[in-house]
Amino acid sequence: MSDQAHLSPEDESGAARFQALLDREEKIEPRDWMPDRYRKLLVRQISQHAHSEVVGMLPEGNWLTRAPTLKRKAVLLAKIQDEAGHALYLYSACETLGTSREETIEALLDGRAKYSSIFNYPVPTWADVGAIGWLVDGAAIVNQVMLCRCSYGPYARAMERICKEESFHQRQGYEIMIKLAQGTPAQKKLAQDALNRWWWPSLMMFGPHDSESTHGNQSTEWKIKRRSNDDLRQHFIDMTVPQAEFLGLTVPDPDLKWNEDRGHYDFGPINWDEFKAVLKGGGPVGRERMAARRAAHDDGAWVREAAIAHAEKRKARQHAAAAE
Amino acid sequence: MSDQAHLSPEDESGAARFQALLDREEKIEPRDWMPDRYRKLLVRQISQHAHSEVVGMLPEGNWLTRAPTLKRKAVLLAKIQDEAGHALYLYSACETLGTSREETIEALLDGRAKYSSIFNYPVPTWADVGAIGWLVDGAAIVNQVMLCRCSYGPYARAMERICKEESFHQRQGYEIMIKLAQGTPAQKKLAQDALNRWWWPSLMMFGPHDSESTHGNQSTEWKIKRRSNDDLRQHFIDMTVPQAEFLGLTVPDPDLKWNEDRGHYDFGPINWDEFKAVLKGGGPVGRERMAARRAAHDDGAWVREAAIAHAEKRKARQHAAAAE
Amino acid sequence: RADLVEYLLRLGDNSMILGQRLCEWCGHGPVLEEDIALSNVALDLIGQARLIYTHAGEVEGKGQTEDDIAFLRDVFDWKNVHLVEQPNGDFADTMARQFMIDCYNVELFSALTKSTDDQLAAIAAKTLKEVTYHRRHSGEWVIRLGDGTDESHRRIQAAFDRHWIFVEELFESDDLDARITAAGIGPDPKSLRPAWDSMMDRVLSEATLTRPTADFPRSGGRKGEHSEYLGYILADMQFMQRAYPGMDW
Amino acid sequence: RADLVEYLLRLGDNSMILGQRLCEWCGHGPVLEEDIALSNVALDLIGQARLIYTHAGEVEGKGQTEDDIAFLRDVFDWKNVHLVEQPNGDFADTMARQFMIDCYNVELFSALTKSTDDQLAAIAAKTLKEVTYHRRHSGEWVIRLGDGTDESHRRIQAAFDRHWIFVEELFESDDLDARITAAGIGPDPKSLRPAWDSMMDRVLSEATLTRPTADFPRSGGRKGEHSEYLGYILADMQFMQRAYPGMDW
């Protein structure tokens, strides 16, 4: 049964307007009529994105206390702070769709909502921090640049703000890689190892092949998603391979080579079994990530309650004072 | 009112025998009659000694994960293991006096019983581990050698076993100091710093001056304590100063010098205010030590309960099997 | 000059170690806004340490960089007070510790804006703005927690009780302080106490909390005497520079 | 020869890291006897690592000592399995982890007593006695906790559930294992599984526990892939050798 099947007359005019806005490439705004499934699809995607920012603080946060220089420590702190900020924008965007931050976070903590499974890989060395900035943030940007043109106004606008900061992060990550690649043999090894571990998971960030994607079509029709997974992935590879060459590092894909005819890099088959296993099983450190988030939430409960209680007390006092 | 005041006829013959044993330098055994205050004094002293072994595991335990070589790590592990063993002997000695290990430990955890306040000083460097072995164990041995001749049999025998191991510990500690003192300038500095910090607290381990000692007299009469605090302290200093000289380290006491007439080292005044403050306030890390012990006890409660429950189940099953 | 270097280390080490401690909160805060606020404070503190260390390196004139100073000294060469190396504990512990040091820093850096050392005065002017903001933030939380629920009141009171033994050390003076004060470089620590006390009393009272007392105050941090926590902090913090000496990052 | 060195590191690193983890228990055990028992196990494990590393250094022939091998390698050069680097958790976690590795070690070192490498065979003979004792100790605790109180049953079951994802890795084989097996130096890890399974099943059943299943087993430790815990373990463990390089202790 499609959304159209039981529309009231009012809804019908809303639906028409919704389609007209889409057709004219104008933004849908919170108070506009929108199909239920459009709303759900957005909530799912935006909240997943928000959770990814939050969970994404953990792998890098790991290296805050161990960053090799004070400058790197400060830059990393600022980056993680930005990520928390991004999560705030995105939770707000979710709220414009009628889902509170509390509900959204509940869904993460009880396992109903997902976050990017890229954060379920461990970050054992400093070079990983560089590789995450370079590759993971790089892949994220490719996605996010597209989402700046998404049909839902608040999401598109949040993405614009996020993209600016994210490209700064990507540059910082690449800078870490440059330092390592131009450094001692030990540093070069760190860099190459990190590239070896993060290359394929980064490619998987764009999701399954278009032929297997479940939400792709509807998302594209509604102009939430404006380019296909495979298209975005190819774009990322084309952009990143020359960067790896500049670093003097080897991309861990023997099939990788420039295809003059296509004007793109050809690349080897992706191990989708691993992708599915990580999605399903939480990946090497998925359990640790969720445990950390749950602990933060549970340990913080009394703080949040105190803040509310105090705000109420204060309000009551102001009230009493005003009444006198 | 003295113990003698309300002795039954039976007690009186016991008291006579007790005194006779003391006079003949024979040991008092658990089943012998003994004055209540003798028993209490012993329980106080032995349990304090046992607690010191237990709490003493913590400062050095700190360096197990950071010992500079595998050999040192192994030696330190063995030493701390010995200390736990000493505590077991001593808790057993206490039990011969009618006080269970549980009661004794309760008294430590609720603050009624004391432990050596030397363990309330922090152990910030590896050299401290050496200094503890050399000075703290060294001072302990001086005390313990005397206690091998103590009038209470089980305590004296526990002390004999302990003394053997303890002198091994002291030698290990001194060996650490030798390595440091013969090492690089950085190592020498570590050694000298540690000596500076541990010298005076070690001297305080022998307790207040004889003129101020509260339990000294009675203890001496009953042949628990066979040499005075000041006497033992002097012995320790005479023994240790040449060792420091051999190391090429400077004892942090400008008044220290050999007194040909006395045949002993003269030394400067001890800061008893610090001693009292540490005793009273728990010293720099007393709170942390007790918190660690309480946490170990509380976190282990379910384990101890499980062991008892299982033992009972097993016994019941054996019973049932036997009854069939 | 050696005095000035030593004095700068005392200042920088406080900021450095507290900043390092706050880094541990990252991703574990009670609410996202606090993750942001705490990392903001950490960022300011580490920024302060960098400026102060760089200045110290220049004054010393032996070519030591901010990183040499932060990553190549062992425990006994650190001059921070005990308060900043205490574990984060729960959010109340962190906020009590923070408010205590923030109040101190506001008075200290306010005095340092008049330092005869121009560079230090300039650093202090920048820092004063930051620590004033920190104090507002931590002070608000002290009030919120003190005058919040029963549980939060209990926790924040316990946190102050636990940390009060570290107060005396903040205001201890030694010979170096005397020379620094005489040279007009920095204030006598003792002189900062009345303002600290009155700010503390005001906020504790608004938070319906009781001012604790301390029997056995800690001391000696400025001379390199530290708790056992510092060694573990440094083991993590310095790992990369120790394991990969002299490399560029 | 490079194969043998690599293989020895895989063996030694397991003992080393687990021994290091057990050191953290010191002074914090649930009862004094366990403080002694756990440090005894730790002592054995560290002793094993020392023998194995020394042998590896000799085989390699580049003058590396046991300490060079233990203290100068960063995360990616460690070959231990994930299981041994897991945090101690509560006593149940420690005992579940211990029993799992003890059962493995008994089978492994039992096979290694027949190694064509004489030195390794000698080490294995000594080690086998130790790990057999360890297995008895941890096995008794598994039974005691499983068949103890409701709480202890719940905790030890949860501990096995948590650690089960690390089982597969113990029995993984790679090319190196194939060559090692072919040379008669050590057993094929896969071949140890049946005995491990049956011992595990016997004790779990006596402990009234359920054998868990694992969806997404960890792997790769032998190739240098590790959890984020190992870096922190090494930061503490290696601090002294990193901060004071090349000195005698």
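# Close-up views of helix packing, a loop residue and cysteines

**View 1. The crossing of α4(B) and α5(B).** In this predicted model, the crossing in which α4(B) passes α5(B) is right-handed. The contact brings B:Leu88, B:Tyr91, B:Cys94 and B:Glu95 of α4(B) together with B:Arg101, B:Thr104 and B:Ile105 of α5(B). Sorted by class, the residues of this contact of α4(B) with α5(B) are 4 nonpolar, 1 polar and 2 charged. The axes of α4(B) and helix α5 (residues 101–109) of chain B lie 9 Å apart, and the two helices pack at an angle of about 110 degrees, which makes α4(B) roughly perpendicular to α5(B).

**View 2. Helix α4 of chain B against helix α2 of chain D.** Helix α4 (residues 70–95) of chain B packs with helix α2 (residues 32–60) of chain D at an angle of about 160 degrees, their axes being 9 Å apart, and α4(B) is therefore roughly antiparallel to α2(D). The crossing of α4(B) and α2(D) is left-handed. Among the residues that α4(B) brings to the contact are B:Leu70, B:Ala74, B:Leu77, B:Gln81, B:Leu88 and B:Tyr91, while those of α2(D) include D:Leu32, D:Ile36, D:Leu43, D:Ile46, D:Arg50 and D:Tyr53. By class, the contact of α4(B) with α2(D) holds 14 nonpolar, 4 polar and 4 charged residues.

**View 3. Helices α2 and α7 within chain A.** The axes of helix α2 (residues 36–55) of chain A and helix α7 (residues 153–181) of chain A cross at roughly 25 degrees and come within 13 Å; α2(A) and α7(A) are therefore roughly parallel to each other. Their crossing, that of α2(A) and α7(A), is left-handed. From α2(A) the contact is made by A:Leu42, A:Gln45, A:Ile46, A:His49 and A:Glu53, and from α7(A) by A:Tyr155, A:Met159, A:Ile162 and A:Glu166. The residues of this contact of α2(A) with α7(A) comprise 5 nonpolar, 2 polar and 2 charged.

**View 4. The buried residues of helix α5 of chain A.** In helix α5 (residues 101–109) of chain A, the buried residues are A:Arg101, A:Thr104, A:Ile105, A:Ala107, A:Leu108 and A:Leu109. The cover over the buried residues of α5(A) includes α2, α4 (70–95) and α12 (286–299) of chain A, together with α2 (32–60) of chain C. Just after α5(A), A:Gly111 adopts a positive phi of about 85 degrees.

**View 5. The surroundings of D:Glu228.** D:Glu228 is placed in the loop between α10 (193–206) and α11 (229–237) of chain D, and its relative accessibility of 12% counts as buried. Apart from neighbours within four places in sequence, D:Glu228 is in contact with A:Pro59, A:Asn62, A:Tyr121, A:Pro122, A:Val123 and A:Arg289. Within chain D, the C-alpha atoms of D:Glu228 and D:Val75 are separated by 9.3 Å, although these two residues are 153 residues apart along the chain.

Terms used: Residues are numbered from 1 along each chain as its sequence is written. Chains are lettered from A and ligands numbered from 1 in the order in which they are written. This is a predicted model: local features need pLDDT of at least 70, side-chain atom pairs count only at pLDDT 80 or more; totals for chains, interfaces and linings use all residues. Side-chain values use heavy atoms; hydrogens and water are left out. Axes are lines fitted to C-alpha atoms, for helices over the stretch in contact, and angles run from 0 to 180 degrees between N-to-C directions. Helices (H or I, at least four residues) and strands (E, at least two) are DSSP runs, numbered from the N terminus. Angles under 35 degrees count as roughly parallel, over 145 as roughly antiparallel, 65 to 115 as roughly perpendicular and the rest as oblique. A crossing is left-handed if the near helix is turned anticlockwise from the far one by less than a right angle, and right-handed if clockwise. Contact means heavy atoms within 4.5 Å. Ala, Val, Leu, Ile, Met, Phe, Trp, Tyr, Cys and Pro count as nonpolar, Asp, Glu, Lys and Arg as charged, and the others, Gly among them, as polar. Buried means under 20% relative accessible area, exposed over 50%, partly exposed in between (1.4 Å probe, protein chains only).
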